[in-house]
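Subject: Structure for you, with notes

Hello,

Here is the structure I promised to pass on. My notes follow below it.

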Amino acid sequence: MTRNFEAYREAFEGLLSIVGYAIKANNNLKILEHLRGLGCGAVVVSGNELRLALHAGFDPSRCIFNGNGKLLEDLVLAAEKGYLLMLTVNLTWKTL
């Protein structure tokens, strides 16, 4: 994992980028803390993943809260903590 992270970091060196680990891939706290220690960001898709990333000590400004179907309380928490928000909206004729 360390080698993979370092390879990604080197590949994007000099670019405005965040190498982020998808918390849903493995939510083991020790692994998350190790990746955070390397300078990795986090990609979260739920309020629970967001809270886990905060607990693991990830820098919120290096974290992305991604996807659709978010609860308002989770969006508020992400915004208050300084997470980057990347939202996709699925609109149907019913919701329009």
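Start with helix H4. Its face turned away from the buried side carries the exposed residues Leu72, Glu73 and Glu80. Please keep in mind that this is a predicted model.

Now the other side of H4. The helix spans residues 72–81, and its buried residues are Asp74, Leu77 and Ala78. They share one side of H4, because they cover an arc of only 95 degrees around the axis. After H4 comes Gly82, with a positive phi near 90 degrees.

Look at Asp74 in particular. This residue sits in H4. Why does Asp74 count as buried? Its relative accessible area is 7%, and the cut-off for buried is under 20%. Leaving out residues up to four places away in sequence, Asp74 touches Gly47, Leu50, Arg51 and Phe65.

Next, the core. The largest nonpolar core has 19 residues. Those with the most contacts inside it are Ile23, Val44, Leu50, Ala53, Phe58 and Tyr83. Which elements give two or more residues to this core? They are helix H2 (29–38), strand S2 (41–44), helix H3 (47–56), strand S3 (63–67) and H4.

Phe58 is then in contact with Ile23, Leu32, Arg36, Cys40, Gly41, Ala42, Ala53 and Cys63.

Tyr8, Phe12 and Leu15 form it, with about 330 Å² of accessible area together. Tyr8 lies in helix H1, which covers residues 2–11.

Finally, the chain as a whole. It has four helices and four strands. From the N terminus on, they run α-β-α-β-α-β-α-β. Of the 96 residues, 27% are buried. The accessible surface comes to about 6,500 Å², and 56% of that belongs to carbon and sulfur atoms. Take the contacts between residues at least 6 apart in sequence: 30% of them join residues at least 24 apart.

Best wishes

Conventions:
Residues are numbered from 1 along each chain as its sequence is written. This is a predicted model: local features need pLDDT of at least 70, side-chain atom pairs count only at pLDDT 80 or more; totals for chains, interfaces and linings use all residues. Side-chain values use heavy atoms; hydrogens and water are left out. Buried means under 20% relative accessible area, exposed over 50%, partly exposed in between (1.4 Å probe, protein chains only). The arc is that of the directions from the helix axis to the C-beta atoms. Contact means heavy atoms within 4.5 Å. Patches are made of residues with over 30% relative accessible area and no salt bridge: like charges are joined within 9 Å, nonpolar side chains (Val, Leu, Ile, Met, Phe, Trp, Tyr) within 5 Å. Accessible areas come from the Shrake-Rupley method with a 1.4 Å probe; for residues, only the protein chains shown count as cover. A salt bridge is a side-chain nitrogen of Lys or Arg within 4 Å of a carboxyl oxygen of Asp or Glu. A nonpolar core is a set of buried Ala, Val, Leu, Ile, Met, Phe, Trp, Tyr and Cys residues joined through side-chain atoms within 4.5 Å.
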